[in-house]
Amino acid sequence: MKKIKRSVLIFTLITFFTVFLILYHLFHKVPSVVPEYVLTYAENQARNYPTTLGAYYFADLVNEKTEGKIEILIYDSSALGSEPSVIQQLQIGGIDFSRISISTLADIAPPLHVVQLPYLYRDSEHMWKVLDGEIGQRLLTSFEDSGMVPLSWYDAGSRSFYTTDKPIRSLEDLQGMRIRVPESSLMEDLISALGGIPVPMAFDKVYSALETGQIDGAENNWPSYESTRHYETAVYYTIDEHTRIPEVQLISKATWDKLPEQYQTIIMECAAKSAEYERLLWKRRTQSSKEYVIKNGCLVIDLSPEEIQKFRQASLPVYEKYCSDYMDLIKEIQNLK
Ligand code: GCU
């Protein structure tokens with residue numbers, strides 16, 4: 001009898017406690033922080049791409065460090081438009097943040113052409129030595145009067161050509177091929193200098209242009225080639241690594257100016273942390289993208305050093321046209337050990 005009484009008591013207590021917990025969660029409203037600023041961030045890559053993951057990491061960090069006072073909403077996959085139109089929006093404060101390739105930015109801030117010159121860096125390490133050092137800082141001042149404030153450099157690896165019907169095994173093969181390029185004057189001139197026909201086009205239009213035969217090929221890094229599924233139609237990937245085009249995380253100057261100083265400092269610090277994170281993801285994704293496309297039918301073409309030398313030689317007019325005022329800086333970069 002005593003035993004039964006005890007179990008009834010325990011059962012009642014447990015039931016009471018459970019009901020209490022349920023009611024507590026239903027009716028007890030946790031005071032939520034109302035953000036003072038809800039800001040937009042435009043990204044033209046897919047949700048799981050390294051730069052987009054960097055953006056989410058940045059947004060979370062800023063939210064945490066401002067104790068919920070700044071909320072950043074990420075719009076990926078070109079939801080807010082192509083890079084040139086996002087730049088225009090950033091300049092007038094219509095979009096607050098973005099991560100943009102230097103190839104599109106350099107037409108607005110011309111000294112930046114230097115960092116995207118063909119065959120400028122020996123390798124990735126060399127490029128990061130330049131960007132992380134005093135030269136990189138100096139170059140970021142090119143954004144003065146652009147309506148945008150640079151926050152950090154992001155990695156985008158090296159770019160190579162890929163084609164649909166005919167592989168590029170030599171500079172000869174490239175002659176007369178219609179190659180898509182980003183909306184960038186330097187990239188257009190580079191393709192012409194190499195003997196191809198440049199077709200400037202927004203990033204999200206390339207897949208169907210390859211499929212319909214409007215272009216014979218395009219050029220990009222491994223993660224973009226894989227994530228956009230360009231490898232499905234452009235199966236030949238020729239490793240010529242003609243450029244290494246870094247990217248920049250930016251905030252609209254109009255947005256920057258309305259933020260209190262303590263939030264500006266937090267944003268700068270979080271941008272630097274997100275860049276470190278993106279660079280780590282970038283390395284891993286380059287490797288996995290390469291493996292993935294090869295498994296799925298991509299045919300890789302390696303060029304001999306002699307052939308690459310021909311590409312390098314043919315691209316020299318671009319140095320003259322875009323960077324004749326910066327020859328000392330180019331030397332400085334080339335001599336950086
Ligand atoms: C890279 C870069 C994009 C850019 C694209 C392009 O993928 O990350 O920002 O738009 O190249 O070729 O247009």
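Predicted model: local features only at pLDDT ≥ 70, side-chain atom pairs only at ≥ 80, totals over all residues.
Two residues are taken to be in contact if their C-beta atoms, placed from the backbone, lie within 7 Å. Y49 is found in the loop between strand 1 and helix 2 (50–65). Although it belongs to a loop, Y49 is buried, with 24 other C-beta atoms within 10 Å. Its C-alpha atom is separated by 20 Å from that of S208, a residue 159 places away along the chain.

Stepping back to the overall arrangement, the domain assignment of the protein gives domain 1 as 37–155 + 246–285 and domain 2 as 159–244 + 289–335. The C-alpha centres of domain 1 and domain 2 are 24 Å apart. Contact between them involves 27 residues of domain 1 and 27 residues of domain 2. On the side of domain 1 that touches domain 2, helix 3 (83–92), helix 4 (102–105) and helix 5 (124–132) each supply at least two residues. By class, the residues of that side divide into 15 nonpolar, 9 polar and 3 charged.

The ligand comes next. Its surroundings consist of N44, Q45, E83, S101, A156, P182, F203, N220, S224 and E247. Both domains take part, with at least three residues of this shell drawn from each of domain 1 and domain 2. The shell has 3 nonpolar, 5 polar and 2 charged residues.

S101 has its place in strand 3 and counts as buried, with 23 C-beta neighbours inside 10 Å. Leaving out residues up to four places away in sequence, S101 touches E83, A156, P182, I245 and E247. By contrast, S101 and P260, which are 159 residues apart in sequence, are 28 Å apart in space from C-alpha to C-alpha.

E83 leads on to helix 3, where it is buried together with V86, I87 and L90. These four residues are on the same side of helix 3 because they cover an arc of only 105° around the axis. The buried residues of the helix pack against strand 1 (37–42), strand 3 (97–101), helix 4, strand 4 (148–154) and strand 10 (247–252). Helix 3 is followed by G93, whose phi is positive, near 85°.

Helix 5 can be described in a similar way. Its buried residues are M127, V130 and L131. They cover an arc of only 90° around the axis, so they are on the same side of helix 5. Their packing partners are helix 6 (134–140), strand 4 and helix 15 (327–335). The face turned away from the buried side of helix 5 carries the exposed residues E125 and D132.

In soluble globular proteins, nonpolar side chains tend to be buried together. The largest nonpolar core of this model has 70 residues, of which L105, L112 and L250 touch the most other members. This core draws at least three residues from each of domain 1 and domain 2. For L250, the contacts are L90, F97, S98, I100, M148, V149, P150 and L151, not counting residues up to four places away in sequence. One of these contacts, L90, is also one of the buried residues of helix 3.

Most residues other than glycine have a negative phi. S78, although not a glycine, has a positive phi of about 60°. Its place is in the loop between strand 2 (70–75) and helix 3. S78 is partly exposed, with 19 other C-beta atoms within 10 Å, because a residue needs 20 or more to be buried. D145 is likewise not a glycine and has a positive phi, in its case about 70°. D145 lies in the loop between helix 6 and strand 4, and it is exposed, with 9 other C-beta atoms within 10 Å.

Note on methods:
Residues numbered from 1 in each chain as written. Domains from an automatic or database assignment. Nonpolar A, V, L, I, M, F, W, Y, C, P; charged D, E, K, R; others polar. Near = placed C-beta within 6 Å. Core = buried A, V, L, I, M, F, W, Y, C linked by C-beta atoms within 7 Å. Buried ≥ 20, exposed ≤ 12 C-beta atoms within 10 Å, placed from the backbone. Arc of directions from axis to C-beta.
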